[in-house]
Amino acid sequence: DFIPDYGRSAGQEVDEQECQLLSDPEQPIAISLSSSTILDRLGNPVGQVLVVRDLREVTALRSRLIMSGRLAAVGELAAGIAHEINNPIAFVKSNLNQLIGDWEGAEKCMDPDVFQEGRELLDESLEGVSRVADIVKDVRSFAYAGRGERENADVNDLLAATLRIAEPQLRHHANVELDPGEIPLLQGRVQELKQIFLNLLLNASHAISDGGNIRISTE
């Protein structure tokens, strides 16, 4: 640590901030800025030191670590998710088989009640298919690495999506209560927020005994 004779570092806290160098708007460079004031022997400011660090390798490593953690979390939930998908698929198949029998019998008896039951079975089948679609959508959204850019994020929606992903793991272990408040959108990295929320949920689940309560609220 070399300090010139004409001055010294005053030992003030160095501010470090991550930002982007827009030398090329198409490919901004991740950098870190640190600044410190240089004082002379009498304590008067005579200049400013600005240190710029290239963070491209750090950013790339961070992205790989985040993706690795996300995939590990998805792997932990995979068994529960597969079970969750099988349940609606099973009753969809059962309902469709029953519906085929009902409609074949309708040709013989023309009983309006049969047609009503058929409509109910159709509605249940559509509900089951919708559940499957939502589960698959949430899993794909969670596993998608994204570009890591900040965007408008609805925290309540992100929490709800994360809860749907974690629900198979939490269902038989903890009672989860979500109390969303009226909050504005915020600028953030959506995938990283989902990862944080999932980690917090799983950590809370591991930290409590069976039948415990997990309460989530936003304000």
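Student: What does the accessible surface of the protein come to?
Tutor: About 15,000 Å², and carbon and sulfur atoms hold 53% of that. Such areas come from the Shrake-Rupley method with a 1.4 Å probe, and for residues only the protein chains shown count as cover. This is a predicted model, where local features need pLDDT of at least 70, side-chain atom pairs count only at pLDDT 80 or more, and totals for chains, interfaces and linings use all residues. Residues are numbered from 1 along each chain as its sequence is written, and side-chain values use heavy atoms, with hydrogens and water left out.

Student: How many salt bridges are there?
Tutor: The whole structure has 4. The term means a side-chain nitrogen of Lys or Arg within 4 Å of a carboxyl oxygen of Asp or Glu.

Student: Which residues are linked in a network?
Tutor: E177, D179 and R215. From R215 to E177 the closest N and O atoms are 3.8 Å apart. R215 lies in strand 8 (residues 212-217) and E177 in strand 6 (residues 174-179), so this pair ties together parts 38 residues apart in sequence. Strands here are DSSP runs of E, at least two residues, numbered from the N terminus. For D179 and R215 the closest N and O atoms are 3.1 Å apart.

Student: Is R215 buried or exposed?
Tutor: Exposed, at 54% relative accessible area. Buried means under 20%, exposed over 50%, and partly exposed in between (1.4 Å probe, protein chains only). E177 is partly exposed at 44%, and D179 is partly exposed at 34%.

Student: And how much of the protein is buried?
Tutor: Buried residues are 28% of the 219.

Technical notes:
Helix = DSSP H or I, 4+ residues; strand = E, 2+ residues; numbered from the N terminus.
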